[in-house]
Amino acid sequence: MKLIRMAVILMGAILLCSCTQVKAEGFMVNSIDADYGDKSSGRIPQVSGLENKAVMNRINNGIKLALTEKYDSVRDPSLGGKTTEAFDYDIAGALLIINHEGDYYVPGAAHGLPYRTYLHINLNDGAFYNVESAIRGMGSADKVRELLAKKLEHKLGPAWLSYGVPMKDAMYTLAGNNIRVVFPPYSVAAYSEGFVDIDLSFDELESHIDYDSPVMRAYLAR
């Protein structure tokens, strides 16, 4: 993955399989200034080089909307403050995966409030997906909760048990042959632990994973 921070713009060619409409030599993910309507600064990823301009516009508009909504949900205008933002990305099959994160700093606070957004975008048609839609019964299936509980205990020790498994706080993304479940600070551990990532392999999930879901078809496209 390539990390883009603040005013640094990533330039580079990415080779994709023939299943997408991307021009291998022309496709790029750039960083642009975010216009949040206040004095905060931010960075938003935008794609260029897609053969289908309508799809490219759909993707870029969708990214701007999703990240602006996330920013608005985190920031309290009455408190002022500032933000710093960064993102990285990966491509698998026909799926563009963006991890956008930031810190919101309020004057006088001991530390920033970290926030993160995962976007999963089909480069063929511009569709945006939720990874949790690929897991049957996510949030209610006993097997999924048991897997998460065991891995959380292994990673954090028994102290995490006081937090439970707060599925409503979890975020989801794809990484290799895993669905990665990401818990924000305070949800399963103290602030000092930061975001807590737990990987559930496709094999571990067994029948709970839906390989016919749109996000999995795009991710595994070859």
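Me: Is Ile-98 buried or exposed in this structure?
Reply: A residue counts as buried under 20% relative accessible area, as exposed over 50%, and as partly exposed in between, with a 1.4 Å probe and protein chains only. Ile-98 has a relative accessible area of 0% and is therefore buried. The model is predicted, so local features need pLDDT of at least 70 and side-chain atom pairs pLDDT 80 or more, whereas totals for chains, interfaces and linings use all residues. Numbering starts from 1 along each chain as its sequence is written, and side-chain values use heavy atoms, without hydrogens or water.

Me: Which residues does Ile-98 touch, not counting those up to four places away in sequence?
Reply: A contact requires heavy atoms within 4.5 Å. By that criterion, Ile-98 touches Pro-45, Ile-63, Phe-87, Asp-88, Tyr-89, Thr-117, Tyr-118, Leu-119 and Ile-121. One of these partners, Ile-63, is 35 residues from Ile-98 along the chain, and their C-alpha atoms are separated by 9.4 Å. Across the protein, residues 24 or more positions apart account for 56% of the contacts with a separation of 6 or more.

Me: In which element does Ile-98 lie, and how many helices and strands are there?
Reply: Elements are DSSP runs numbered from the N terminus: helices are H or I with at least four residues, and strands are E with at least two. Ile-98 has its place in strand β5. The protein has 4 helices and 10 strands, which follow the order β-β-β-α-β-β-β-β-α-β-β-β-α-α from the N terminus.

Me: Which strands pair with β9?
Reply: Two strands pair if DSSP finds at least two bridges between them. β9 pairs with β8 in the antiparallel sense over 5 bridges, and with strand β10 (residues 196-201), also antiparallel, over 6 bridges. Tyr-172 stands opposite Val-181 in β9, while Val-182 stands opposite Asp-197 in β10. In a regular strand, side chains alternate between the two faces of the sheet. Strand β9 (residues 178-183) is mostly covered, with 5 of its 6 residues buried. β8 and β9 form a hairpin with 2 residues between them.

Me: Which residues touch the most other members of the largest nonpolar core?
Reply: Nonpolar side chains tend to be buried together in soluble globular proteins. A nonpolar core is a set of buried Ala, Val, Leu, Ile, Met, Phe, Trp, Tyr and Cys residues joined through side-chain atoms within 4.5 Å. The largest core has 31 residues, and those touching the most other members are Leu-95, Leu-148, Leu-174, Ile-179, Phe-183, Leu-200 and Val-215. Elements giving two or more residues to this core include β5 (95-105), α2 (142-156), β8, β9 and β10. A second, separate core of 19 residues includes Phe-27, Val-29, Ala-34 and Leu-119. Beyond its neighbours within four places in sequence, Leu-95 is in contact with residues including His-120, Leu-174, Val-215 and Tyr-219. Buried residues make up 48% of the 222 residues in the protein.

Me: Where does Tyr-186 lie, and what is the phi of Glu-206?
Reply: Most residues other than glycine have a negative phi. Tyr-186 is not a glycine, yet has a positive phi of about 80 degrees; Tyr-186 lies in the loop between β9 and β10. Glu-206, likewise not a glycine, has a positive phi of about 50 degrees and lies in the loop between α3 and α4. Gly-176, in the turn of the hairpin formed by β8 and β9, has a positive phi of about 65 degrees.
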